[in-house]
Structure formats: structure tokens, C-alpha cells
Amino acid sequence: MDREQMSNEENYCFDVAGYLIVRDVLTKEEIAAGNRDLDQKGTTPLSESLGKLRDHPVLAWYLNQICGEEFQLDREPRLIGDDEKDVGGPLVGGNEPRDMARGYYQQNDARFCQGVLAVWALADVEEGDGGFVLIPASHKNYVETPKDVLTGADDMGLTVQPSLKAGDLLLCAETTLHGMRPWKGKGPQRLLAYGYIAKTARRSIDPDATNEKESAPEWIAELTPVQRAVMQGQNFYHTYPPPAVKSDGETCWIDEAPEVHHPSIYTRDPESAIDEKELYFWDLCGHLVLRNVMDAAWLEAANEAIDKFADRIVVGGAPDKGSKTLAGTGRPDLGGLFELPKPYCDPFREMIAHPAVIQRLNWMEGSGFRCGNATAICSVKGTAGHALHSGSDPARPGNSYFFQNGRTYCDSVNVAWQLHDVTEADGGFVCLPGTHKARYPMPPGVQSCDEPMGLVQHVSMKAGDVLMFMAGAQTHGAYPWKSDTQRRTVLMNYMGRHMFL
Ligand SMILES: [Fe+2]
């Protein structure tokens, strides 16, 4: 490599999304040799071409930085999706409960990603081909992944299938939720995966390993089974997790149940009025959409009020910050909606303390929040987008997000009421899921959306839906407005009890 370190763009992308695609790493000859050997010999024994992919200098260069210390091979290559039983199974990964041997850490510019899945594309994978999928930002989950998301029964729109060209290298934190969906591509799926771990991380269990009980010192055999289990830890059994040695304070015993025993002082509260899927989505992405909050009559009244006072709309500057992608005309806003004459203020005053919103605000930032005024964004065709802003780096009191002891902490939440349908073709609100946990500076190309790195996500909504997002902590903005129908979003802010801005 002709540079010393990964760029900030690469660090930012891996840190926010939990994966990174390095384009055009392999030569045509390397791709052809890998495909030829896979056709003729499979993955075992390891052919020369697949050995070269395992030890490829570009891969080693990235692993040295991503793992943060020396790395080692943990799993020999396998063709993803080659085994029928891989396909359609639950996703693996996630960060709750935390696996210290595979976890992702980033603090004060030090990073340790204890497990990395390196996937070589030896054939193209187009959008919609299926196969390898992942959930961006899930390497930093604080909330347990709902079962429906793992199985795909209800993935909440979170699953992403990366598009790859032959010769690309996909690096994925092992705790980024990932798995296999049925392959729909035209040609064969040719994704070759190698597993790497940090030098000190626990290796994956090899079921064929020799039984180390036989090589233990003689005196170990004189111990009780409980004592032997404690002396030898996971070497006592060749399974992971090893059986738990439990104690009630009086006696110890071995619990053969195949799960980790790690007690918590907290239990889930079924009376918390928190929808667990919503909490998961909020923690993962930094925003949440409540569907169908407004009925037709309310929508009509709100739209009519804006039409009535259209002459008060003020066209401000274009907040595109010189972006090519977001360029356009100034943004038309109608402010002071709560102070419009009666009855035109009513549809907006109804938004101030709507139960659907208040219920969520209470678990998002705790009680004591206060509502600012409301502004309707009334973009017309050609109105500029809004350069991406906010995010949790650099850290400031107003842009932090924490999850601690079962509570989320976020001191500024924006609530955007949709008065018209909005699709990606129309433009409007975009965000970067996971940036409320970002630890690297936002790259300029991401801010402008000129080089979005596949991270920027548009949020489609119907009239009557309500979007809640972390105003300071989640990176967000807007695409230019391209529809003949006006954008109609009523934007309000709820500041938490701690902040006084
Ligand atoms: Fe904003």
C-alpha cells in the first residue's frame, strides 16, 4: 500500500456501519485463478490461489489496523452460501449480550475489532441478487436483537445486501449482524469468506481438535469435576460456551445448559410501555417512524392552514453548503404555526402533546422536555437539499447518546410530521443510521452527499406518519426536492430537561 493508514473515510465507514468495501483489490488474473481452483478443487485442500487470498497484502494491511493488534486466521476459507443449511438461517452477530472475544471497541482513537470476516468477491453481486446480507451499525447494538429481525420474519427494513464487483474485498466486523438469504443472481454466487481474529481473542472451537483432557497433568485427574472445570475452563469441554460452574454460595455444580451464565441485577419491565422493537430500532439507527398518527381530517386541516397562509412563507438560504448533489434554490419555510389565528393554529397545537409522541419522548429522553415552536418546510421543485449535519463526533453535551442501565439518553429529539407522502424520488429527509455512536469526524464527501459511501439513507413516509430523530446525535439532512407536489413537513424540537440552549 502506498499510504500509511486507512483514510478518515474508511475509518468513519467501518466505525459507523460495521463494514467496509475495498474496491478493485484483485487483478483479473487473481480472480480467474481463484475461480478456476474453486471449480476444480473446491476449498480443501487450500490451493495456491486461495492461499494467496488468505495472505493478500492489502487484506493484511487493513486487518492490522482494524484488529488494532496482531491478528490471526481463525477460520479457513469457505464459499458463502455453498452449504444449503447456511441459507435462510437466522442472522449471527449483534452486540447484546457483548462477546468480549469478538467485540468492537473504539475509544480515544484506539480501535480493537476482535473478529473480522473478510469476503472476497470472485464474481459480481448486483443489487437484489440476495445472498450475503448484513445490518449496518449492529456491531454497536446496546439492545438485544428481536427474534423477528434475526429470522427475517420482520427485518424492520434494516437488512442490506451489499453490491460487489469481482475483485472487491468486503471487511465486516464479526458482530455486525450478517447471514445468508436465498441467491437470485444469474450466475453462481462466488463469495469466499475467511475469518480473522485478534491475537489474544478466543479461537472458534474446532470440533476435530484433540481432547486436551488427555494431555492435562496427572494431578488434574485427582480433582472433582467442578474443580477440573474451573482449572481447565473451556478446554475441559470442546464446546463453546463451556458448561457453567454455578454456585448458590454453599455449593458449586456444573450446569450443562449450552448457554453463558452471566447474571444481571436488572430484569425487563413489562410495564415500561416501551415497545421492544421500537427501542431496538431507535438504539440501532437513531430515528423512528410512527405510522398513521394523523387521520385524513387532521391532515386536511393542517394542509389547508398552510395553504391559507402561503403568503407568509419565507424563502431562506439554500443549506446545501456547496454540494453538487444537494444544490438548488432557497428553502421555503412557514414559521410560527402555533400562533396562527384560530382555527388555523389548532391542527398544529394538537401536535404539541400528542400521546403517541409523548409516550416515546418519555423513554427517549426522560420527562421534563419542552417543545419549541413549529415550522412547516414547504420545499418546491428545485429547492436545495440540506447538507448533512449533527452526529456524535466531536462529542458535545448536546449531541450525545447513551444507553445505560436500560435507559436511553438523548437530550434533543426532533419530531417531523408528514403532511404529504414522501418517496426517495421526491427527496426530503435523509439520515445516517448509527452516527449517534460515530467516533470519527464526518468526511466532507458524506456531508455533501457527493460521496455518500453507501451510508446515507432516505426515509420514505406517508402523509400522517411522524418521524422522530436524534436532533443533535444522529447525522441527518435532506435531498433536494424533485416533486411537483410541495414538501409538507412540520418540524418541532423537544429539548431535554438537562439542556438550556
Ligand atoms: Fe437538523
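This is a predicted model: local features need pLDDT of at least 70, side-chain atom pairs count only at pLDDT 80 or more; totals for chains, interfaces and linings use all residues.
Residues are numbered from 1 along each chain as its sequence is written, and side-chain values use heavy atoms, with hydrogens and water left out.

First, the metal. The iron ion is held by the NE2 atoms of His-389 and His-476, at 2.1 Å; donors here are N, O and S atoms within 2.8 Å of the metal (3.2 Å for Na, K and Ca), and sites may look incomplete as water is not among the atoms. The two sit 87 residues apart, His-389 in strand E17 (residues 386-389) and His-476 in strand E24 (residues 476-479). Strands (E, at least two residues) and helices (H or I, at least four) are DSSP runs, numbered from the N terminus. His-476 is buried at 6% relative accessibility, whereas His-389 is partly exposed at 26%. Buried means under 20% relative accessible area, exposed over 50%, and partly exposed in between (1.4 Å probe, protein chains only).

Helix H4 (residues 57-67) is mostly covered, with eight of its 11 residues buried. Among them are Trp-61, Tyr-62 and Gln-65. Gly-68 comes after H4 and has a positive phi, near 80°.

Now for the salt bridges, each a side-chain nitrogen of Lys or Arg within 4 Å of a carboxyl oxygen of Asp or Glu. The count by this rule is 27. Glu-174 and Arg-75 pair at 3.5 Å, N to O, and they are 99 residues apart: Glu-174 is in the loop between strand E7 (169-173) and strand E8 (178-183), Arg-75 in strand E2 (residues 71-79). Glu-174 is buried at 15% relative accessibility, while Arg-75 is partly exposed at 25%.

In another pair, the closest N and O atoms of Glu-278 and Arg-360 are 2.7 Å apart. Glu-278 belongs to helix H7 and Arg-360 to helix H10 (residues 355-365), so this bridge ties together parts 82 residues apart in sequence. Both ends are covered: Glu-278 is buried at 15%, and Arg-360 is buried at 14%.

Lys-342 and Asp-346 also meet in a salt bridge, at 2.8 Å from N to O. Here Lys-342 is exposed at 59%, and Asp-346 is partly exposed at 27%. Elsewhere, shared partners join Asp-74, Arg-75, Arg-102 and Glu-174 into one salt-bridge network.
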